[in-house]
Amino acid sequence: MTATAPPESLVDAPPVLDVRDLSVTFRTETGSVSAVDGVNLSLAPGEIVGIVGESGCGKSVTAMSLAGLLPRSARIDGSVRLQGQELVGARPSTLRAARGRDIAYIFQEPMSSLNPVLTVGRQVAEVLQVHERLSRREALERAVELLALVGIPSARERVKHYPHQLSGGMRQRVMIAMAVACSPKVLIADEPTTALDVTVQAGILDVLRDLRDRFGTSILVITHDLGVIADIADRVVVMYAGRIVERAGVQRLFDRPQHHYAAGLLSASPTPGRHAGTHRLQEIPGLVPVLEAQPDACTFADRCPAATARCSSAAPPLEPAPLAADVGDHPHEVACWHPRGDRPRPTVEEHA
Amino acid sequence: MSVDTALTQVPASAPAEASQGSRVLRRLRRNPLAVVSFCVLTVAVVVAVFAPLLAPYAPEQTDFANTLAPPGTPGHLLGTDDLGRDVLSRIILGSRASLQVAALAVFTALVIGVPLGLVAGYFRAADSVISRLTDLLLAFPFLILAVGFAAIRGASLGNAAVAIGIAQIPGVIRVVRSDALRLKSLDFVAAAVVDGASDLWVLRRHILPNATSVVLVQATVAIPAAILGEAVLSFLGLGIQPPSPSLGTMLANAQQFAARAPWAAVLPGLAIMILALAFNVFGDSLRDALDPKANRR
Amino acid sequence: MRGYLLRRAWQSLLTLVLATVVVFLGVRALPGDPALALAGEDRTPEALAAIRREYGLDQSLPVQFWRFLTNALQGDLGTSIRTGQPVSSMLRTALPVTLELSLLAIAIAVVLGVGAGVVAAVRRGRPAEWVANALALLGLSVPHFWLGLVAILYLSVATGLFPASGFVPVSESVAQNLHHLVLPAVILGTGLSAVIMRQTRSSMLDALSTDFVRTAEAKGLRPRAVIGRHALRNSLIVVVTIVGLQLGGLISGAVVTEQIFGLPGFGKLTIDAVFQRDYPVIQAVVLVTASSYIVINFAVDLLYSIIDPRVRVTGDAS
């Protein structure tokens, strides 16, 4: 037996964020609800990964669970390692030390996500006071620099403003400044541009890309907007009803979606390289199901054009896609009994 | 989409087939506090209705051989007061009076407050006028109002009830107004307006039925407040006049000999407290049961 | 900001004028002839006519109102029928007692109420919340004058720990003064704290589920900072309203407590005046109560604009 050297891609630096078998269930009045089921995910240094799916597919819950930001009614199982440190079941003080310093968040609604009664400078400075033990004056001074860094003009005046005095785009830049204040290794952006005008979106995505390029921050972008994915992500993960159904490099997924759900999402979306725009998810008939427990079946079967009896009797595992063409830089995996194979992605007419 | 909306969506869609009313009832039945308070209230109402039959003595009947008898005295389960009147009988009839005043007061507050609140919430033009009126009414606190009322019209059960009811109008107006404002902005109301429905029709058929739950909750808050209000007024001599039994006048009377017969001062107060507590607990349970956000963390 | 305050000031003034009219008419609607009451023993028609002339009772209502208004603005609120003293000087002795009692009670209520409300919201679903809720429900349901009676019975009469009644001005002895006020203030304060607690709890629950509190948590702030700086500060806006309403109501709401503890305050003045049909005093008391209520509400609006920066710019609290 001769040992062959492993391909380059496998000796890459260890992932900053490594999620194994993550499951989240919520206790409710009417029983428990499974929101995330067995998600595996890793984030390499400086990588931008997108998670895409419809409302209720579990992408936001996944994002929140990483740093333990879910309400008490949530039960998290599995493992989340941030630079090797386990966060699931970690002590509150450990989680607090990691939040804002190693793993930071940007939320969807920049209006409601900022405290209306504190100046934006104060809110940015707060992070530095906690994690870098800066005095209030030093922290405010740094806040000015940070606001300038994320492209807020006349930052020195802006720090004294309250959120309601800023535009939506400016508020989101403040959120970003707050998130990157301590140069976190991982930045989680939950629908960072959804609440913003189309023209403002591109600017925000530019800021995120710029941060990755300058500081090597790994970014996890949660969105239902494939335009955002096409614009910014290196890799994309498609989620449906709490499970990952497909993952691939962005270009790959846009060219050869394997899962019928991914194909449905893509059928009216832009191609990579085009800027994020008004493109939203193609309407797929039906709704994401609410599950008390994850069934041993493909959860998309009810809505799938290619479903067979097998789909309702066994859950397909996430496996390498059966493609003749080259896989590219990133592995292409799909959880489907009847993957689309080498067929190109459907057009609008074809899917409708 | 934020986690919060994700969470509220999940349970909201689960029992979709259950109607609002049956869901509220189911939630109430499952809450032991709601069940207990409801039982207490039922007993209290039954006792109040049949008070003259249930009371062992006539409330004004004196027994000079047995003045200031302690609880447990044969024939006087809860003792007697300075004139030998049976404390239990007086509490039973006093509670009846309390409930009468409370019912009349809250009825008054609702009859005047609900229409004003609806109009204020629905017609912008009327809003500022009614708001000033509410401000004005609020500027005269309950006791001043009741004092004035008693001074002008004389002290009596009915006048005390009306004075308490008037004092409760601003609270009713406020909750109904804000609910009407909320409902007005909803699609189904807008649709009715577009369809050419008259304002009166919209108010009666769409806004009022949907505002019922707020009105109900406000009523459960107002009733115990009215019970306490009646006690205060009667205690000060501005409500029910002696010798008619009222929990408030019993307390005022017992003040003179409280050191010798503490039961005469303690027991009527306890009765007031139990009545008010039962209403407050039931009101709370009702509010929780009606609250669609009850599942939030 | 300026526009908002000007509008609120105008509304307050309007309410104040309306309240004055209502007070004036209300007192005139009271049964009984004030001239008869003023006349005392000498009830000849001539004496009554003289009194009517002297007090302007023979003039038309608008003229009487104008006179009442101009006199009141100059601090002349008439003379008490019962004591013959100027009403304004009676108010000057009674008001400090009530104010001190009210402020003490409010202070106790805010500390207890906000504290318990925050604990109940933060410890949602745990025993601490249950206890706080139960105490608040009890506080809402207990008749406070009865609690006062029971306290006097068991804490003053039985043990002599506190004086059962009476009042000593601060100017004579601070310790004695507090000793007399502690019990009534605690009893009054616990009742008010129930309302504050429930309001604090519910607005804290709202605040704790907001996006910006989640942001604060995501920043890695300590619970103390998340709760105090972010959640509580936003909840205070509602709490301030409640406290303002309560303080306004206390000026007259302390009546029963004052009555029970024999405090020579505003409440006692009111009750005595009502029972003895001392119209000038009733009129003054109601006027002072209503105006203090309106003024306090205006002060609350001012406070809003300090707590909530949005009010300063947009001109309206959302």
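Predicted model: local features only at pLDDT ≥ 70, side-chain atom pairs only at ≥ 80, totals over all residues.
In chain A, the UniProt record (unreviewed entry) places the feature "domain: ABC transporter" at residues 19-266. Over that span the chain is 39% helix and 27% strand, and the end C-alpha atoms lie 26 Å apart. Chain A also holds an open sheet of eight strands with mixed pairing, in which the strands follow the order β6-β7-β8-β3-β9-β10-β12-β11. The edges of this sheet are formed by β6 (103-106) and β11 (319-320) of chain A, each of which has a single partner strand, so that one side of each is left without a neighbour in the sheet. For β6(A), the partner is strand β7 (residues 186-190) of chain A, to which β6(A) is joined by four bridges in a parallel arrangement. Within this pairing, Tyr105(A) has Ile188(A) of β7(A) as its bridge partner.

For chain B, the UniProt annotation "domain: ABC transmembrane type-1" (unreviewed entry) covers residues 95-283, a span that is 84% helix and 0% strand and whose end C-alpha atoms are 19 Å apart. The annotation "transmembrane region", likewise taken from UniProt (unreviewed entry), covers residues 33-55, 101-123, 135-152, 158-176, 214-241 and 261-283 of chain B. Among these, residues 33-55 of chain B are 91% helix and 0% strand, with end C-alpha atoms 28 Å apart, while residues 261-283 of chain B are 96% helix and 0% strand, with end C-alpha atoms 34 Å apart.

Helix α11 (residues 247-254) of chain B packs with helix α12 (residues 262-290) of chain B at an angle of about 155°, the axes being 8 Å apart. Helices α11(B) and α12(B) are therefore roughly antiparallel to each other, and their crossing is left-handed. The contact is made by Leu247(B), Met250(B), Leu251(B) and Ala254(B) on α11(B), and by Ala264(B), Ala265(B), Pro268(B), Gly269(B), Ala271(B) and Ile272(B) on α12(B). By class, this contact of α11(B) with α12(B) has nine nonpolar residues, one polar residue and no charged residues.

Chain C contains 14 helices and zero strands, and its C-alpha atoms fill a box of roughly 85 × 60 × 35 Å along the principal axes. Within this chain, the axes of α6(C) and helix α8 (residues 174-208) of chain C come within 8 Å and cross at roughly 130°, which makes α6(C) oblique to α8(C). The crossing of α6(C) and α8(C) is left-handed. Here the contact is made by Ala132(C), Ala136(C), Gly139(C) and Leu140(C) of α6(C), together with Thr190(C), Gly191(C), Ser193(C), Ala194(C), Met197(C) and Arg198(C) of α8(C). The residues of this contact of α6(C) with α8(C) divide into five nonpolar, four polar and one charged.

The contact between chains C and B takes 38 residues from chain C and 37 residues from chain B. On the side of chain C that touches chain B, two or more residues are given by each of α1 (2-29), α6 (127-141), α7 (144-157), α10 (223-253), α11 (255-261), α12 (266-275) and α13 (279-307) of chain C. Of these elements, α1(C) gives the most, with seven residues. By class, the side of chain C that touches chain B has 26 nonpolar, ten polar and two charged residues.

Key
Residues numbered from 1 in each chain as written. Chains lettered and ligands numbered in written order. Contact = placed C-beta atoms within 7 Å. Nonpolar A, V, L, I, M, F, W, Y, C, P; charged D, E, K, R; others polar. UniProt positions renumbered as here; feature names shortened; annotations may be inferred. Pairing = 2+ DSSP bridges. Axes fitted to C-alpha atoms, helices over the stretch in contact; angles between N-to-C directions. Parallel < 35°, antiparallel > 145°, perpendicular 65-115°, else oblique. Left-handed = near helix turned anticlockwise from the far one by under 90°.
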